[in-house]
Amino acid sequence: MQFNPRYSSLNAKLYHQQQPKVLLGAKAGHFNVNLANHLHWSEQDQHDWVEICSGQKTFAEFEPLAMVYAGHQFGQWAGQLGDGRGLLIAQILDKNHQTIDLHLKGAGLTPYSRMGDGRAVLRSVIREYLAGHALNSLGIPSSDAVGFTTSTQGVQREKLEPGAMMLRTSDCHIRLGHFEWINQYQPDLLPEFTKKCIEWYYPECLDAEQPILAFATQVIQRTAVMISHWQLVGFAHGVMNTDNLNITGSTLDFGPYGFLERFRPNWINNHSDHHGRYTYQQQPSIGHWNLWMWLNNLVPLCPINIDKEVWKEKLAQCLEHFEPTFLEHYQHGLKQKMGLPTFHKESFECAMAFLHVLKTEQLDYTQSFIRLQNKQYEALKDDCLDRRQFESFLTQYLQLREHHDVEASDKIMQSVNPHYILRNHMAQKAIELAEKNDFSEVERLFNLLTTPFTKQPDLETIADLGPLPDDQPEIMVSCSS
Ligand code: AMP
Ligand code: MG
């Protein structure tokens, strides 16, 4: 590994250095060898992956640390939060020379644990491990993980569950909530912290006339692009608090997430989300709200030669980039999924008509796009109660498809419509077996989700292709992970 231990160059009030607290009887769960290679892990480190992914082996080049941050949770100011059960154990360079954080989740109590126990359970670790891998394989910016371990140590939740640890990777663990903490508790640190964020993550902004405004615009645009990816693939993050969004627009901290199965945009997948604040359909507006809250923290950085009110206005203008950026990427992606030409205004309306069919008929989001791609129009129609609605969509659709190169757009469809997503019931089955020490289903899903756009008849099962039967309810995921 090539180390770049830069976080600890920040003011020491921003973190607490400590070693991981190991779990009893740590043992192998799963190891992502391709990612380890991409991160230049030596043969020795790969050999020792269980020790590294269980906190038994740390590195002389980096003293592990817990970060402090704050946040708005479910729309309310939550005060100081921080890494309550995870430690940054290294910052290393990948094959592209990009700095990647290694964050060990479940590593024990820290000064920021509040009421928690500092631990993670196997169930939630497997869910995050597989979903991070799925998102990355779908081409969506996201954290990933080198591996996870389980243990013989029980951790109390609603019931006693196996404790586990996961070595998460992300290009950035600095959250919107870092700025909120600094402003609230240590405002003097804000200029230097912001300068470092720009230097590390957006160096091109240093050349702008107003680097802070350029930085804000970039953060806003990257977040909008990330959310457009989520919407296109049907991913609901589940807990979009300001402490769970980072400043590089890569998906982070998605505990009670869900991939939509039947197209129900208002489906609540997070058991604790009583008002449906974080449903799929709310994500763009919640992203916008979070960024608005975040921008307030940049107000004190007003340059001396600019009037404060003018500065506030300029910051607000940065946020005006959110909606057009989101729409541009979402519309473009949707037209690709439909195999429709991008230059037709009617294309987007036709895509919306298709989504309307999926919503009113409660069809499976992923499977329906695959059927459209495979021209299985009869199969789609057979699943509809209102066949006239479907036929009217299909007539419009086929007309639009007539006007351009169908072969080329078929190829595009195949490159953007996944055959496989991580359905809740798939993760659930892998978890149940893993809790009995059988990781074969984790391995199978990991491999299946590695190439989601390619049909893998030898690896797939019928259950991977659709939602559970109607008489089995969708699973709600609890936050107590
Ligand atoms: P999350 O919703 O998982 O992003 O967590 C919100 C906050 O609670 C973060 O500051 C976490 O570090 C903290 N937290 C969550 N679970 C635990 C736990 N079991 N022990 C200590 N802190 C936790
Ligand atoms: Mg979090």
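Thr194, Cys197, Ile198 and Tyr201 in helix H6 meet Pro211, Ile212, Phe215 and Arg222 in helix H7, where contact means heavy atoms within 4.5 Å. The residues of this contact divide into six nonpolar, one polar and one charged; Ala, Val, Leu, Ile, Met, Phe, Trp, Tyr, Cys and Pro count as nonpolar, Asp, Glu, Lys and Arg as charged, and the others, Gly among them, as polar.

This is a predicted model, in which local features need pLDDT of at least 70 and side-chain atom pairs count only at pLDDT 80 or more, while totals for chains, interfaces and linings use all residues. Residues are numbered from 1 along each chain as its sequence is written, chains are lettered from A and ligands numbered from 1 in the order in which they are written, and side-chain values use heavy atoms, with hydrogens and water left out.

Helices are DSSP runs of H or I with at least four residues, numbered from the N terminus. H6 covers residues 190-201, and its axis packs 11 Å from that of H7 at an angle of about 60°. Axes here are lines fitted to C-alpha atoms over the stretch in contact, and angles run from 0 to 180 degrees between N-to-C directions. H6 and H7 are therefore oblique to each other, a term for angles that are not under 35 degrees (roughly parallel), over 145 (roughly antiparallel) or 65 to 115 (roughly perpendicular). H6 passes H7 in a left-handed crossing, the near helix being turned anticlockwise from the far one by less than a right angle; clockwise would be right-handed.

Glycine 234 follows H7 and has a positive phi, near 85°.

I turn to a second pair. The axes of H11 (residues 345-361) and H12 (residues 365-373) come within 11 Å and cross at roughly 130°. This pair is therefore also oblique, and H11 passes H12 in a right-handed crossing. Phe354, Leu355 and Leu358 in H11 meet Tyr365, Ser368, Phe369 and Leu372 in H12. Six of the residues in this contact are nonpolar, one is polar and none is charged.

Finally, is tryptophan 41 buried or exposed? At 5% relative accessibility, tryptophan 41 counts as buried, that is, under 20% relative accessible area with a 1.4 Å probe and protein chains only. Tryptophan 41 lies in the loop between H1 (33-38) and H2 (43-47). Beyond four places away in sequence, tryptophan 41 touches residues including Met1, Phe31, Trp49 and Leu167. Methionine 1 and tryptophan 41 are 40 residues apart in sequence, yet 5.2 Å apart in space, C-alpha to C-alpha.

Methods:
Helices (H or I, at least four residues) and strands (E, at least two) are DSSP runs, numbered from the N terminus. Buried means under 20% relative accessible area, exposed over 50%, partly exposed in between (1.4 Å probe, protein chains only).
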